[in-house]
Amino acid sequence: MTKYSMEEFLKQTEQEDKGEGLFELETPRLLEVNLEDQVWAKAGSMVAYEGKIKFEREGILEHGLGKTFKKALTGEGTSLMKATGRGKLYLADTGKKIIILHLQNDKIFVNGNDLLAFEPSVKWDIKLMKRVAGMMAGGLFNVRCEGTGMIAITTHYEPLTLRVTPGKPVITDPNATVAWSGNLEPKFQTDITFKTFLGRGSGESIQMKFEGDGFVVVQPYEEVEMSSNS
């Protein structure tokens, strides 16, 4: 159905309280935060709010000198805003699909472009992928999230989770890699044959290799373009 009366349109699209806690999916691409204190979110992701909420851009020393230095290296790719107060906050990121994960003393690595929001109880740190940073436009980095609390990550279209088991490594395109389990440490490799086959310095010529026991999440979309100098 593409034509609605006003009543039908409101019924189809009106905000609905689902009673699911701090993070709720109003739609697959719109996150509702039932804010009662504080939450960290990707800078620029607010689309609407109601109530008394104060927004502050992340202070230069908000998380210590170490993270400030790393952020400078990554080109401010993980710029955050702090939302404080009480009310309903709605977040989105360029129409990407949103997934809510409840960490329970877990650890996960998330591509810096794909972390939308997280509770203050979740500990985090930035890790720059030095091996490919000079080959990627804007660099390539990830955020380690660990502890207990909710995080919201985003993907372009439907994600696919691949299991990594001993003796059966999984190899991915860095541009399409969204997240992976905290016990995995990816290695980078260059596939010269594939690069030659494509006839250009493409993203697929650089690959992430995951070995061990865990999982890796990929999306059917290349998030970061390769630098022309690659």
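Leu115 touches Lys42, Val110, Val143, Cys145, Ala152 and Ile153, leaving out residues up to four places away in sequence. The model is predicted. Start from this residue and look around it.

Leu115 belongs to the largest nonpolar core, which has 18 residues. Leu115 is one of those with the most contacts inside this core, along with Ile108, Val110, Phe118, Cys145 and Ile151. Which strands supply at least two residues each? They are β6 (97-111), β7 (115-118), β8 (123-128), β9 (141-155) and β12 (177-181). β9 gives the most, with 5 residues. There is also a second, separate core of 17 residues. Among its members are Leu22, Val33, Leu35 and Ala152.

Now move to Phe210. This residue lies in strand β14, residues 206-210. Is Phe210 buried or exposed? Its relative accessibility is 0%, so Phe210 counts as buried. Beyond its neighbours within four places in sequence, Phe210 is in contact with Val164, Pro169, Val170, Thr172, Thr177, Trp180, Leu184, Pro186 and Val216. Take Pro169: 41 residues separate it from Phe210 in sequence, yet their C-alpha atoms are 5.4 Å apart.

Strand β14 has partners too. Strands of a sheet pair through backbone hydrogen bonds, either parallel or antiparallel. Here 3 strands form an open sheet in the order β11-β14-β13, with antiparallel pairing. β11 (170-172) and β13 (187-190) are at the edges. Each has a single partner strand, so one side of each has no neighbour in the sheet. On average, neighbouring strands of this sheet are turned by 35° against each other, direction ignored. β13 and β14 pair over 4 bridges. Across this pair, Lys187 stands opposite Lys209 in β14.

Notes. Residues are numbered from 1 along each chain as its sequence is written. This is a predicted model: local features need pLDDT of at least 70, side-chain atom pairs count only at pLDDT 80 or more; totals for chains, interfaces and linings use all residues. Side-chain values use heavy atoms; hydrogens and water are left out. A nonpolar core is a set of buried Ala, Val, Leu, Ile, Met, Phe, Trp, Tyr and Cys residues joined through side-chain atoms within 4.5 Å. Buried means under 20% relative accessible area, exposed over 50%, partly exposed in between (1.4 Å probe, protein chains only). Contact means heavy atoms within 4.5 Å. Two strands pair if DSSP finds at least two bridges between them. Axes are lines fitted to C-alpha atoms, for helices over the stretch in contact, and angles run from 0 to 180 degrees between N-to-C directions.
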